[in-house]
Amino acid sequence: MSNLEAAPAEVACSAARGSGTEVLRPREVPLGGPRALRVQRTLPQRQRSLIGAWCFIDHYGPVSASMDVPPHPHTGLQTVSWLFDGEVEHRDSAGVHALVRPGELNLMTAGAGICHSEVSLQSSAVLHGVQLWVALPGSDRDAGRDFAHHVPERFSLPGAVARVFLGELAGHRSPVPTFTPLLGAQLDLDVGAELDVDVDPSFEHGVLCDSGPVALGETTLAVADLGYRGPGTSSLHLRNAADRPARVLLLGGLPFAEELVMWWNFVGRSHDDIVGYRQLWQDGDERFGAVHGYRGSVTRLPAPPLPTTRLRPRPIPERREEHA
């Protein structure tokens, strides 16, 4: 999904200090005008811009709305589309035409440059899901265009059912390769369920509450809240605090130690990177290619104006260690 904000802000981030769970509350962002799909964004934020290489989290729905995002560019990242309800048609400049369905991973690698469109199908009365971005490390920031699709198996945990779409959890591993060590999993919690989830202590982790509330340790997360735990945690205690089944996404990864500049749909390393990417997109440069088969009234999404000041790299936060 594109970041369709007309005036995307620069985000200069630093780590919040303290122990236990840090809660990132969402902010509502309209995508695409007065009748836009409204999403709840928890990354990036002022106090934190990354969890591992995860650099962007939008949560949306359930909502009776359509999605029609014209061809738009990306650089330096991967997009991870994960639905709970609905269907979305994906087309990109690598020639991929695919459907995004509930419980199925669709991962697109932008690398040096790609463009794609996203359109919900008319048969989808409800849209409900997340759009995630993963920052590529400097060694792979100019990787070629790519696309991966995977349907993870469901498996049981005490009081829950899980699917691992990236990385490894509870002995179950996704076959989809990543450029940095990552974890992405969906956990559906039974009514009254409490469980301890063993995790890699070298990772930092985020728990996104999709339906709840859900308690992470002693901290209760409301719907669309993101609970953060730093490296040093070997087990996460989850409790369904609702009177109905609940659902979370568990995201994790090794701390990402590179400076980044994120603006609109571009991830770069400097202000000049972003200026260059924007100009190439506006010029219709082959770096991004073209999407074929999109039938909307706008053939390609124009980039918004750049801010009047220089974009600054994200500062590398001082990571805190936790012990569990």
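Which side chain meets R48 in a salt bridge? I looked this up first in the model, which is a predicted one. The partner is E22, with an N to O distance of 3.1 Å. I then checked where the two residues sit in the chain. R48 lies in the loop between β3 (37–43) and β4 (54–63), while E22 belongs to strand β1 (residues 22–24). They are 26 residues apart, and the pair links distant parts of the chain.

Next entry: accessibility of this pair. I noted a relative accessible area of 4% for R48 and of 9% for E22. R48 counts as buried because its value is under the 20% cut-off. E22 is buried for the corresponding reason, at 9%.

Next entry: E89 and R295. I found a salt bridge between their side chains, at 3.8 Å from N to O. E89 is in strand β7 (residues 88–92), and R295 is in the segment after α1 (271–282). Are E89 and R295 buried or exposed? E89 has 11% relative accessibility and counts as buried, whereas R295 has a relative accessible area of 64% and is exposed.

Next entry: R244 and D243. Their side chains meet in a salt bridge as well, and I noted 3.3 Å, N to O. R244 is partly exposed at 43% relative accessibility. D243 is exposed at 65%, because that value is over 50%.

Last entry: the second largest pocket. What is its volume? I noted about 280 Å³. The pocket is lined by 18 residues, and the closest to its centre are G167, E168, R173, L182 and F203. I checked which strands contribute to the lining. At least two residues each come from β15 (168–169) and β17 (182–189). By class, I noted nine nonpolar, five polar and four charged residues in the lining.

Terms used. Residues numbered from 1 in each chain as written. Predicted model: local features only at pLDDT ≥ 70, side-chain atom pairs only at ≥ 80, totals over all residues. Heavy atoms only, no water. Salt bridge = Lys/Arg side-chain N within 4 Å of Asp/Glu carboxyl O. Helix = DSSP H or I, 4+ residues; strand = E, 2+ residues; numbered from the N terminus. Buried < 20%, exposed > 50% of the residue type's maximum accessible area, 1.4 Å probe, protein only. 1 Å grid on protein atoms, 1.4 Å probe; cavity = no way out; pocket = protein on both sides within 12 Å on 5 of 7 lines; lining within 4 Å. Points joined across faces, edges and corners; volume = space filled by probe spheres on them. Nonpolar A, V, L, I, M, F, W, Y, C, P; charged D, E, K, R; others polar.
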